[in-house]
Amino acid sequence: LGLVLFEKLRIQAEAGVKRVKRTKTGYATDQATLNELYGDVQIVRRLLDYREVAKLKSTYVDALPTYVNDDTGRSHCSFSQTVAATGRLSSSDPNLQNIPVRTERGRKLREAFVPREPDEHGEWVLLAADYSQVELRVLAHLSGDEKLAAAFREGRDIHAATAAVVFGGAEDEVDRTMRSQAKAVNFGLLYGMGPQRLARETGLSVPEAKDFIERYFAAFPSVRGWIDAVLAGARENLYVETLLGRRRPMPDINSKNPGARVAAENAAVNTPVQGSAADIIKKAMLALDAKLEARPLQAQLLLQVHDELVLEVPKKELEETIEVVREAMEHASELDVPLQVDFGHGANWLEAH
């Protein structure tokens with residue numbers, strides 16, 4: 001493929017890219033490289049389209065029907081609490097936590113997931129209950145940053161609020177680009193995002209991205225202080241903890257190998273946030289199970305996708321069930337900022353999402 005694209009067709013990269021990217025064995029033709037540097041070349045667009053369709057077909061369209069149970073007519077995945085180091089549940093055989101949601105073609109797969117047929121309880125629908133920005137809310141709680149906490153308490157757009165603080169203006173003056181940059185940093189700092197990655201995701205130059213990150217931490221000094229404290233604790237104790245005290249060992253945090261050390265530092269910052277969010281939704285699931293049984297309501301919890309719960313609900317019990325789910329999820333943990341849940345429902349998973 002590299003020979004065809006770069007030697008036979010001699011396709012050109014976007015302006016400013018001087019040389020063709022290479023790997024040890026030839027030309028780089030991975031998705032990210034082709035999309036980033038040659039995304040406006042017609043043959044590359046067609047190729048990327050083909051790859052997307054081929055992957056959707058082989059990974060989902062061909063595979064998912066083979067998991068349908070002959071006795072129940074349903075797919076039944078397995079969940080594990082011990083695969084993801086952060087404590088998140090993971091799903092397998094089939095993995096229903098990675099059904100695509102970011103592309104239009106991928107999202108259409110969710111139309112295939114439907115509730116049971118109408119029965120003595122009437123028509124059934126799927127209900128999706130999704131924690132709103134739970135990891136950032138956990139970060140606001142852990143760091144004690146008053147500006148972040150105030151934005152959540154007042155129900156403001158957290159990314160616009162962040163951009164306003166960083167750029168030093170009013171929230172109604174924040175444009176789409178400014179909000180996008182703030183959103184990238186809000187989520188990226190939980191995963192060790194540096195200037196290079198921020199530049200890649202936002203279109204900023206590397207110096208501009210570096211300046212933005214510095215301004216972010218100047219605007220939210222408690223977040224910087226919390227990160228430094230977590231890293232110092234990890235270096236001393238060789239572990240980090242979630243809000244509920246679940247520990248993750250950090251054996252490489254003092255490694256002489258820079259790559260291993262940086263990976264451990266990123267995990268040390270991410271784990272208390274993502275791990276605490278995982279703890280919270282597990283508590284919510286236990287509380288919800290008890291509440292549904294106590295009412296009693298016919299709704300059943302079908303699936304957990306990290307920050308989202310998917311239930312099967314009789315349509316006539318939908319409103320009552322939503323209130324029960326809201327109560328269980330929003331009070332699963334008492335943070336310094338409110339937990340918020342967004343709901344959707346419909347005849348299939350796509351409609352519900």
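The model is predicted, so local features are taken up at pLDDT of at least 70 and side-chain atom pairs count only at pLDDT 80 or more, while totals for chains, interfaces and linings use all residues. Residues are numbered from 1 along each chain as its sequence is written, and side-chain values use heavy atoms, with hydrogens and water left out.

Begin by selecting Val4, which sits in helix H1 (residues 2-8); helices here are DSSP runs of H or I with at least four residues, numbered from the N terminus. Val4 is partly exposed at 41% relative accessibility, where buried means under 20% relative accessible area, exposed over 50%, and partly exposed in between, with a 1.4 Å probe and protein chains only.

Next, select residues 31-38 and 42-61, which are helices H2 and H3, packed at an angle of about 145° with their axes 10 Å apart; the axes are lines fitted to C-alpha atoms over the stretch in contact, and angles run from 0 to 180 degrees between N-to-C directions. To see the contact (heavy atoms within 4.5 Å), show Gln31, Leu34, Asn35 and Tyr38 of H2 together with Val44, Leu47, Leu48 and Arg51 of H3.

Now turn to the salt bridges, each a side-chain nitrogen of Lys or Arg within 4 Å of a carboxyl oxygen of Asp or Glu, of which the count is 20. Selecting Asp49, Glu52 and Arg105 shows a network of these bridges.

Move on to Arg156 and Glu171, whose side chains form a salt bridge at 2.7 Å, N to O. Arg156 lies in the loop between helix H6 (146-153) and helix H7 (158-167), and Glu171 in the loop between H7 and helix H8 (176-188), so the pair ties together parts that are 15 residues apart in sequence. Both partners are partly exposed, Arg156 at 30% relative accessible area and Glu171 at 28%.

For a last stop, select Arg326 and Glu330, which meet in a salt bridge at 3.9 Å, N to O. The two residues are 4 apart in helix H13 (residues 318-330), a separation of about one helical turn, and Arg326 is partly exposed at 27% relative accessibility.
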